[in-house]
Each structure stands twice: as structure tokens, then as C-alpha cells.
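Student: Hi! Could you help me take a close look at one part of this model?

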Amino acid sequence: MIEIILAVLVGILGGIFSGLTPGIHTNLLATLLLSLSPFLLPYVSPITLSVLIVSMAITHTFLNVIPAIYLGAPDSEGNSLAVLPGHRMLLQGKGYEAVALTVLGSFLAIIIGIILTPLLLKFLPALYSSIKDFIGYLLVLASLYLIFREKKKFWSFFIFMLAGIFGMSVLNLNMREPLFPLLSSLFGVAGLLISLKDNVKIPEQVISKVDIEKKEVMKAMGSAGIVGTFVSLMPGLGPAQAAIIGSQLIKLTDKGFLILVGSLETLGMVISFIAISSIQKARNGAVVVISRLMETITQKDLILFLIVTFIVGLIAIFLSLKFAKIFSRLITKINYRKLCISIIILIFVMAFWLSSFTGVYILIIGSFIGMLPSLVGIGKNHLMGCLLLPVILFFLL
Amino acid sequence: MLKLTFFRISLIISILGTFSILLISELSKVEPQNIKDLKKDQLETRVNVQGRLLATRETPGLYILTITDNTATIPIIVFKEDELELEKNKQFVVIGKLTEYKNELEIIAERIIEND
């Protein structure tokens, strides 16, 4: 028991580190842990190491939105979309509320995931085989809707396709960590450069309670529950694609969208624990490592993972809001122009460290592509073509 | 005027840059190599090996294959999607990412093709 509690605490510390550091994904730490497992396993059991990974992964999904909103530096496809409405709220002095909305989404996702577990265990195999043939067409429809609801249809189509070809080419390159320069350039550096160009000033941040109608929360969570469950089962799909589909199904405000984005990444993680136990499919890096550590994953193990998820979720609410308060206080004290430049330099250094000169080249090109939507006056969500087009082609070809 | 020039420069760099990366990705084919010659400095990059399937085992979520050529053997990790129907002792080409587990090299398969 003490071993499990210690694993939870160490996992939370790992999740704080990976969540708050742009470019450090929980998959990286889980893989590191896997490589250390030969030295650790004589002293701790595989289930303890797995609990550590569960705690780390769940904490990460709560905290990683903080650098995405305050610094405009996403570290995964899941929170890349949170940058957009989150940054808008930051510019209105509501950065803390933006974080609180994603935290609300994340915690509700844990509750939904736990409630759905008995149903999913029973119906997941049938559900999985019946939807996997249609997911490609669903993504085409969602992308077409995304493009053609925009007034400037030519530019939205052009930027979606350009980002798509860019994403496909980058993912096809033989390099380490292609997602970091890809997403950091399109959604991070580009936004920071536009902020520098427009001489953006960050206003005083207000620490306020979440102000949102219950109906909007229900809409966001309903959309997350349905789409998140389906998408979490599919290979190659992640929270970003789920957010695009989910927001097309039900019209949401910026606040509702932040709840949706917050919930999808956490829900994806919870569903992945159920999926490995029920349909034996590993849907993210953390679960891949768990499946390597454990010979079998029984329902008893799954229940332990879900209990740990719930407890860590409660702790992560407190941690996220605490760190959001600290970031809200600091962000106005620091010269924002200098901060933007420092973050851009940090992203370039990380890209070079992770992916060498190729990563830096991708960052430069991606940053120019990422600025195009702002320059032509359309939504930046068309840049999601970078992940949608490769996945559509994977399913349809 | 300045805004229009900045837009044009961004557009040109975006288009040329994207196609340069597309070209690089098309040209950088992964050449086949002997299993013995796989090195740790290739970790996390894509490699291509060809060999005979010796054994298959399962964990939750994964198949672990053992492939051999005349120089060495290596574990191949395959994520469970559909049923894996690979016959033992047949020759296969495996393209995937080189990783390390318990101080041993292994390949996370992206494509497995039967080699006639």
C-alpha cells in the first residue's frame, strides 16, 4: 500500500514536470521509466510502476494546458487547440478562468469515464468493430464543414491543405520527435510572432470563479462523452481530431470549447486504460509502456488504475489552479515582449535538442504557415489539417 | 503596404518550404541493413531490416515477433489492431522505429511486408 502511495506521489511530481515544461511529453518520461525498469523491477512490482505512469499521465493532462494558455506553447496535439481560445481569454485578463474551465472538463471527464466503464467493458469490442470503417468519412465531413463554414472559403481550403501536406511530409521524415516542431511552430511560435508584430500587451489577470451556464457545460461534456469515446478507440486519432468533430456536432462558445478540449485529453487517457483491458489495444505511449511492464491486465488492475485516476484527478485540480494563480501573477510582472522572445528561443533550443537541424527547419517553415490564418483573417483551426489530412489518408487509402 | 509584403513573403516561404520538406521526405528512403549493423545512434529513427520470422508472442496490446537474418536476431513490436497472421519461417521486410528495451535494441513496426 505504501509502495502504491509513493508511486502516486512520484507520478504526480513527474506529471507536474512534464505538464509545465513545453516539449516534455508524458510519453517521453514513461519510455524513460521503461528503460530503467530492469533496475527498478527487482525492488518494485510492475503494478507499482504502472500506477506511477497512470498518475503521471493524468496529472500531465490537467497541467499541460497552463503553458499552452499562458505561453502559447502546446506540447501535444491535444492541447494545441486550447492555445487559441485560451490565449484570447488571457488577452481579456481571464487566463485563470481559461485554465479553470479546462480543469473542470478534465475532472468531469474522469467521472464520465468511470461511470461509462461497466458499459464500455461490455460493449467496447462490438462498438470498436462497427465504427472503425466509417471514421475516415466522418473526418472528411468534419473537415469539409470546418472549411466551408468560413467566409473566405478559398483561403480556408488552401491553408487546410497546405498544413495537411506540411504535416504529412514532416511525419514521413526519418527524424526524432516530429510532433514537437510541427505543433510548436504552427500553434506556438506563429502565435507568439503575431503577438510581437501586433505589440500585444497582457492585461492584469483576474482570479475569478468559472462563469459559464450549466447548459454549455452539459453540451461540451455530452459532445466529449460521445466523440471522445469513439475517437479514443481509433488508431492515429487523438483529442485534437475529437475536438474538431465534437465542436462541429454542437456549437460551443470559447468557454464551452475549453471544457471540451480539457475533457478530451483526460477522457482519452481514461478510455485507453479500459481499451487495453477490454480490447487489448494500446492507444497512447503511456499505455504501451504499461502493456510492456505487465504480463496481463486484469479487471482488478483496471479498478486500481481508475481509483488512482480519481484520486490523482482531485489532487491535480488543486495543483492546476495553484499553478494558474502563480502564472497569472507572474505574467503581468514580466515584460511580455521579452517573454515571447525567450519562449521562441526556448522552443528553438528544444527542437534542436529533440530533432536537430531538421527540427529547426520545420519550426521556421511551420511558423510562416502558422501566421497565414491571422494574416488572411480566418480561424487558426484550419491548421489542424496538419494532423487531419494524414489521418484521413491513413483511413481511406 | 508593409502588411501585404509580409503576407506575400510568408506565403512564398510557406509554399516553398512545405514542398522542400515533401521532397526531402520522398527522397529519404530508408535503405535495408543487416540487423547486426543497427547502432544505438540510430535510436528513435526509422530503419529497414529483412529476415525470417522465428517466433511470435503476445502481451496486452502488443505482438512481439522475433526476426532473424544471417547476422543477428531482433524483437519486432507490433501494436494489436487486426489479427496478425504471419507464418513462421517466412521472410519479411520490416520498416519501423528503432528503440531500446532492457538494454536491447528492438523495432516498433510501421510496416511489415512479406518478402517473396
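Student: Which residues touch the most other members of the largest nonpolar core?

Tutor: Happy to! Some ground rules come with it: this is a predicted model, where local features need pLDDT of at least 70, side-chain atom pairs count only at pLDDT 80 or more, and totals for chains, interfaces and linings use all residues. Residues are numbered from 1 along each chain as its sequence is written, with chains lettered from A and ligands numbered from 1 in the order in which they are written.

A nonpolar core is a set of buried Ala, Val, Leu, Ile, Met, Phe, Trp, Tyr and Cys residues joined through C-beta atoms within 7 Å. Buried means that 20 or more other C-beta atoms lie within 10 Å of a residue's own, with C-beta atoms placed from the backbone. The largest core has 135 residues, and those touching the most other members are Ile53(A), Val99(A), Ala163(A), Leu186(A), Leu260(A) and Val289(A).

Let's zoom in on Leu186(A). Setting aside neighbours within four places in sequence, Leu186(A) is in contact (C-beta atoms, placed from the backbone, within 7 Å) with Ala163(A), Gly366(A), Ile369(A), Gly370(A), Leu383(A) and Cys386(A). Another core, of 13 residues, lies apart from the largest one and includes Ile67(B), Val78(B), Val94(B) and Leu98(B).

Strands pair if DSSP finds at least two bridges between them. Strand S3 (residues 73-79) and strand S5 (residues 104-114) of chain B pair in the parallel sense over two bridges, and Ile76(B) has Ile107(B) as its bridge partner in S5(B).

Finally, 28 residues of chain B are in contact with 33 residues of chain A.

Note on methods: Contact = placed C-beta atoms within 7 Å. Helix = DSSP H or I, 4+ residues; strand = E, 2+ residues; numbered from the N terminus. Buried ≥ 20, exposed ≤ 12 C-beta atoms within 10 Å, placed from the backbone.
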